[in-house]
Amino acid sequence: MTSATLETPVPLRQDASVMGLVGLAHASSHFSHLLLPVMFPVFMKEFGWSFSELGLMSTVFFVVSGVGQASAGFVVDRFGARPVMWASVAMFVLACLVAASATGYSGMLLAAVLAGLGNCAFHPVDFTILNQRISTSRLGYAFSVHGLTGNLGWAAAPAFLMGITALAGWRAAYIAAALLYAGILALLVLRKDLLQTTPRPKPQSGHAGESDLAFLRLPVVWWCFTFFLLSTMTLAVVQNFSVPILKALQNVSLETASMTLTAYMLCGAVGMFVGGFVAAQYPRWSDRVVASCMTGAAVCMALCASGVFGATGTLAVLAATGFAVGVGGPSRDLMIKKATPKGATGRVYGLVYSGLDTGFAISPLIFGVFMDRGWYAATLLGAALVLLLSVGAALGVGKRTAHA
């Protein structure tokens, strides 16, 4: 298999199997994002750690993941995606076992490092497999499944971890998570034939470094990175601060605010499902689809900040924001694919998606200051403004892709 995508369609069952396996791996990656944050209230009670100490765990996770993701693409291109995927899931198993046995802060920080190392490779791994194994005509649907399963991984983590914690304690929850990851790894190994990719040929001696890094000179790659950085900063605001913002601005209960965040994620998943059909129908206009969706989401978020619709209306509009962002997800991935030079899929996706980790790492530092000062509406407005800036980045990607 030498081409970046399959021009001749293969049976739907084969494509669907590949999508399912990659989607399962992607869900496990998103599950890892919440391995530690879900347990923060438990850790405060068990160890007496402060919010600053807990926040540092998340920062460590995303810093390790971001740096690793930018580097993982080179490994994927050189050695293939399959062994890197297996190593990443094995790292999650180890992270869960370390967390289950941790007796202090240093042990839990080590678990954060291991989980970040496991998470870092998934975007270059996943998209290398999808771009090589999925028929071109079905790539839009594949990207939709990929995004949808990621959201489901986020949704599954709190229920899984807190449910087992309530029954048997938090250490048992991490052991159960380790067994879950081990089961996923076993399935990925058993179906290894569907995950094989063709490594990039080793460059001739004397040209390896130049060849490997040539993609860094392409402006479109950095426009893609900027898009992910900006759009993820807005997502980080929603994940970290939407609950206290809704409580403060609309005077709703903690349960209602939390349900709204869940609704945002579920609407995002539905949006990604719809977005797969949109991406398949309009592959040439992927950048414009992304720009339109992000503009609509930014307007919705600004309306939430204004409070013009009252409590019930604001909650509904915030959920609709998730749907708008979700619809743009598959077209976003297709936009990145079109900007990727042949033979550089792993490296480009690794660098571009490290913008996601960077956005998750820096957004709480910026908007956390707003929250500390009680600028709740300004936090939502700032997130909306950042999302509008990402629209410019998406259009910049489309312009440079068209020129290419």
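**Close-up 1. Gly268 and the residues it touches.** Leaving out residues up to four places away in sequence, Gly268 touches Asn151, Gly322, Phe323 and Gly326, where contact means heavy atoms within 4.5 Å. You'll find Gly268 in helix α11; helices here are DSSP runs (H or I, at least four residues), numbered from the N terminus. Is Gly268 buried or exposed? With a relative accessible area of 5%, Gly268 counts as buried, since buried means under 20% relative accessible area, exposed over 50% and partly exposed in between (1.4 Å probe, protein chains only). Gly268 and Gly328 sit 60 residues apart in sequence, yet their C-alpha atoms are 9.7 Å apart in space. Keep in mind that this is a predicted model: local features need pLDDT of at least 70, side-chain atom pairs count only at pLDDT 80 or more, and totals for chains, interfaces and linings use all residues. Residues are numbered from 1 along each chain as its sequence is written, and side-chain values use heavy atoms, with hydrogens and water left out.

**Close-up 2. Met85 in helix α4.** Met85 belongs to helix α4 and is buried, because its relative accessible area is 0%. Setting aside neighbours within four places in sequence, Met85 contacts Ala25, Val125, Asp126, Ile129, Leu188 and Leu195. Met85 and Val189 are 104 residues apart in sequence, but 9.8 Å apart in space from C-alpha to C-alpha. Other buried residues of α4 include Val84, Ser88, Val89, Phe92 and Cys96. A handy bit of background: an α-helix has 3.6 residues a turn, so residues three or four places apart point the same way.

**Close-up 3. Helix α4 packed against helix α5.** Helix α4 (residues 81-101) and helix α5 (residues 105-119) pack at about 170 degrees, and their axes are 8 Å apart. That angle makes α4 roughly antiparallel to α5; under 35 degrees counts as roughly parallel, over 145 as roughly antiparallel, 65 to 115 as roughly perpendicular and the rest as oblique. Axes are lines fitted to C-alpha atoms, for helices over the stretch in contact, and angles run from 0 to 180 degrees between N-to-C directions. Among the residues making the contact are Met91, Phe92 and Leu94 of α4 and Met108, Leu110 and Leu114 of α5. By class, the contact has 12 nonpolar, 4 polar and no charged residues. Here Ala, Val, Leu, Ile, Met, Phe, Trp, Tyr, Cys and Pro count as nonpolar, Asp, Glu, Lys and Arg as charged, and the others, Gly among them, as polar.

**Close-up 4. Helix α1 alongside helix α6.** The axes of helix α1 (residues 12-33) and helix α6 (residues 122-133) come within 10 Å and cross at roughly 175 degrees. So α1 is roughly antiparallel to α6. On the α1 side, the residues in contact include Asp15, Ala25 and His26, while α6 brings in, among others, Asp126, Ile129 and Arg133. This contact of α1 with α6 has 6 nonpolar, 5 polar and 3 charged residues.

**Close-up 5. Asn251 in a loop.** Look between α10 (219-250) and α11 (254-281), and you'll spot Asn251 in the loop. What is the phi of Asn251? Phi is near 55 degrees, a positive value in a residue other than glycine. Most residues other than glycine have a negative phi. Asn251 counts as exposed because its relative accessibility is 70%.

Technical notes: Helices (H or I, at least four residues) and strands (E, at least two) are DSSP runs, numbered from the N terminus.
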